[in-house]
Amino acid sequence: MARETKRARLARMHEEYAILCELIPAPACALDFADPFQLLVATVLSAQTTDRRVNTVTPELFDRFPDAATLGRARLEEVEEIIRPLGFYHAKSRNIIALAAQLEADHGGVVPATMDGLTALPGVGRKTANVVLGNAFGIPGFPVDTHVLRVTGRLRWRADWRDAHPDPAKVEREITACFPPEEWTDLSHRLILFGRSTCHARKPACGTCPLADSCPSAA
């Protein structure tokens, strides 16, 4: 592919995103939740497993521990037994109990609606905070997961696309600078869903990909 100017890359990004908007008209969070607390806990649990698997354990978890106060006082063994199917259940149980306890102590059990407030909680990084901000509070957030990193790299939407281990925070800043804030949450959802359905990690479906004509990495 010939060297692409920044202006040409930006134009291509928006053309490709328009196609993704047609392909995925109504993106949504794949985690089941009823309130910000449930989404926060579910997102922490989703590390290194699938959203679908998380959704199989959270109904029982939230039935027994419906809020920060009850989860923060839970016995480790009780929580472990419920979330055991997720893997890494010992560490995850400790994390969500500690998170809930601090949420109750510092915020009266109410999930803060700010990046600083969320990332000050145990086990909560920018990705988790962005998921909660965008999906529970309607505040623009751009979660960067492995799908987002892979798709933006293959499409060469970012300057460091050759980097095998890009900095998620840097990717977040670079991509969000190219789109209006009101698009950030849906943009992340669309990239994630596109990564799951088409731009697979091991064998991308370039033959049926709607972006193949413009994608610099299309096989």
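Analyst: A UniProt annotation may be inferred rather than shown by experiment, and its positions follow the numbering used here. The model itself is predicted.

User: What does UniProt place at residues 45-197?

Analyst: The unreviewed UniProt entry gives "domain: HhH-GPD" for residues 45-197. In the model, that stretch is 62% helix and 0% strand. Its end C-alpha atoms lie 22 Å apart.

User: What makes Cys 199 count as buried or exposed?

Analyst: Buried means under 20% relative accessible area. Cys 199 has 10%, so it counts as buried.

User: What kind of aromatic pair do Tyr 17 and Phe 179 form?

Analyst: Ring centres must lie within 6.5 Å to pair, and planes over 60 degrees apart count as edge-to-face. For Tyr 17 and Phe 179 the centres are 5.3 Å apart and the planes 75 degrees apart. The pair is therefore edge-to-face. Both Tyr 17 and Phe 179 are buried. With Trp 157 they form one aromatic cluster. The whole structure has three aromatic pairs.

User: Which parts does the pair of Tyr 17 and Phe 179 tie together?

Analyst: Tyr 17 is in helix H1 (residues 6-23), and Phe 179 is in the loop between helix H10 (168-176) and helix H11 (184-197). The pair therefore links parts 162 residues apart in sequence.

User: How do you know where the charged end of Arg 156 sits?

Analyst: The distance limit is 6 Å from CZ of Arg to the ring centre, and the angle limit is 35 degrees from the ring normal. The charged end of Arg 156 is 3.8 Å from the centre of the Trp 161 ring and sits over that ring.

User: What makes up the lining of the largest pocket?

Analyst: The largest pocket has a volume of about 530 Å³. It is lined by 24 residues, and those closest to its centre are Ser 46, Asp 51, Asp 145, Ile 192 and Arg 196. Helix H8 (126-136), helix H9 (146-154) and H11 each give two or more lining residues. H11 gives the most, with six.

Key:
Residues are numbered from 1 along each chain as its sequence is written. This is a predicted model: local features need pLDDT of at least 70, side-chain atom pairs count only at pLDDT 80 or more; totals for chains, interfaces and linings use all residues. Side-chain values use heavy atoms; hydrogens and water are left out. Buried means under 20% relative accessible area, exposed over 50%, partly exposed in between (1.4 Å probe, protein chains only). Helices (H or I, at least four residues) and strands (E, at least two) are DSSP runs, numbered from the N terminus. Rings of Phe, Tyr and Trp (its six-membered ring) pair if their centres lie within 6.5 Å; planes under 30 degrees apart count as stacked, over 60 as edge-to-face and the rest as tilted. On a 1 Å grid over the protein atoms alone, a cavity is a set of points where a 1.4 Å probe fits but cannot get out, and a pocket is an open set with protein on both sides within 12 Å along at least five of seven lines; lining residues have an atom within 4 Å of a point. Grid points are joined across faces, edges and corners, and a volume is the space filled by probe spheres set on the points.
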